[in-house]
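Me: I'd like to learn how to read the features of a protein model, one at a time. Could you walk me through this one?

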Amino acid sequence: MAITAATLTTTVSDSITLNGTTYGNTVTKTHASVKVVRQQTVTVPTTMVTLYQSADAASGSTFDEDLIVYARITNTDTTNFIGLHIITDTGQEAIYKLNAGCSFVLNAHADAFDTEDDVSDANADITAEDFSASTGNDIVKISADANTASVDVEVLICATG
């Protein structure tokens, strides 16, 4: 039986009132034609563990980088942070500190990431034009490690095929 594509709806909402003035917004985005969904809880130890991978073509548990429309990683711990490692097809790596109770969201994975080795120059050579010129790098692996104790992380990935 063929899988019928569906529309993923994501909503980000924030609100705060300071001195009687309310700030914030609600933004809703839809992603059409989603056919692949993976949601799981991963226990992240203090050593590196792979949360998911992508490549030029889907195979087994590896997603097609061109077809991922939404990926969310949520640190469900109440105390400990994790280091979230973003690795590209050219071997570049960045790490992001994901605090307890917080989420990190990615959409595109193909031609979607770049890094700069030397940002001391005010004229750093990374610009948004890098992506329109198809010179960005593909995100091919998301890994994590916990800072002091194992942490449960929820991973949700949605793709169009």
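Reply: Let's go from the overall layout to the pocket, the surface, a charged pair and some backbone angles. This is a predicted model, so to speak about local features we need pLDDT of at least 70, side-chain atom pairs count only at pLDDT 80 or more, and totals for chains, interfaces and linings use all residues. Residues are numbered from 1 along each chain as its sequence is written, and side-chain values use heavy atoms, with hydrogens and water left out.

Me: Okay, layout then. How many helices and strands are there in the protein?

Reply: Elements here are DSSP runs numbered from the N terminus: helices are H or I with at least four residues, strands are E with at least two. By that reading the protein has one helix and 11 strands. Starting at the N terminus, the order is β-β-β-β-β-β-β-β-β-α-β-β.

Me: And what share of the residues counts as buried?

Reply: Buried means under 20% relative accessible area, exposed over 50%, and partly exposed in between, with a 1.4 Å probe and protein chains only. Of the 161 residues, 34% count as buried.

Me: How do I read a pocket?

Reply: The general idea: rolling a probe the size of a water molecule over the atoms shows where empty space is left. On a 1 Å grid over the protein atoms alone, a pocket is an open set of points where a 1.4 Å probe fits, with protein on both sides within 12 Å along at least five of seven lines; lining residues have an atom within 4 Å of a point. Volume is the space filled by probe spheres set on the points, which are joined across faces, edges and corners. In this model the largest pocket holds about 190 Å³ of space.

Me: Which residues line the largest pocket?

Reply: T10, T11, V12, V27, K29, H31, V69, Y70, V105, L106 and N107. At least two lining residues come from each of β1 (6-18), β2 (21-34), β6 (68-75) and β9 (103-106). By class, the lining has six nonpolar, four polar and one charged residues; Ala, Val, Leu, Ile, Met, Phe, Trp, Tyr, Cys and Pro count as nonpolar, Asp, Glu, Lys and Arg as charged, and the others, Gly among them, as polar. One of the lining residues, L106, sits in β9 and is buried at 12% relative accessibility. Its C-alpha is 9.3 Å from that of I157, 51 residues apart along the chain.

Me: What makes up the nonpolar surface patch?

Reply: Patches take residues with over 30% relative accessible area and no salt bridge, and nonpolar side chains (Val, Leu, Ile, Met, Phe, Trp, Tyr) are joined within 5 Å. Areas come from the Shrake-Rupley method with a 1.4 Å probe, and for residues only the protein chains shown count as cover. Here I16, L18 and Y23 make a patch of about 310 Å². I16, in strand β1, is partly exposed at 45%.

Me: Which residues form the salt bridge?

Reply: The rule is a side-chain nitrogen of Lys or Arg within 4 Å of a carboxyl oxygen of Asp or Glu, and the count comes to one. E154 pairs with R72, with the closest N and O atoms 2.7 Å apart. The pair links distant parts of the chain: E154 is in β11 (residues 151-159) and R72 in β6, 82 residues apart. E154 is partly exposed at 21%, whereas R72 is buried at 16%.

Me: Last one: where should I look for a positive phi?

Reply: Most residues other than glycine have a negative phi. S33 has a positive phi of about 65° although it is not a glycine; S33 is in strand β2 and partly exposed at 42%. D111, also not a glycine, has a phi near 50° and lies in the loop between β9 and α1 (129-132).

Conventions. Patch = residues over 30% accessible without salt bridge, like charges linked within 9 Å, V, L, I, M, F, W, Y side chains within 5 Å.
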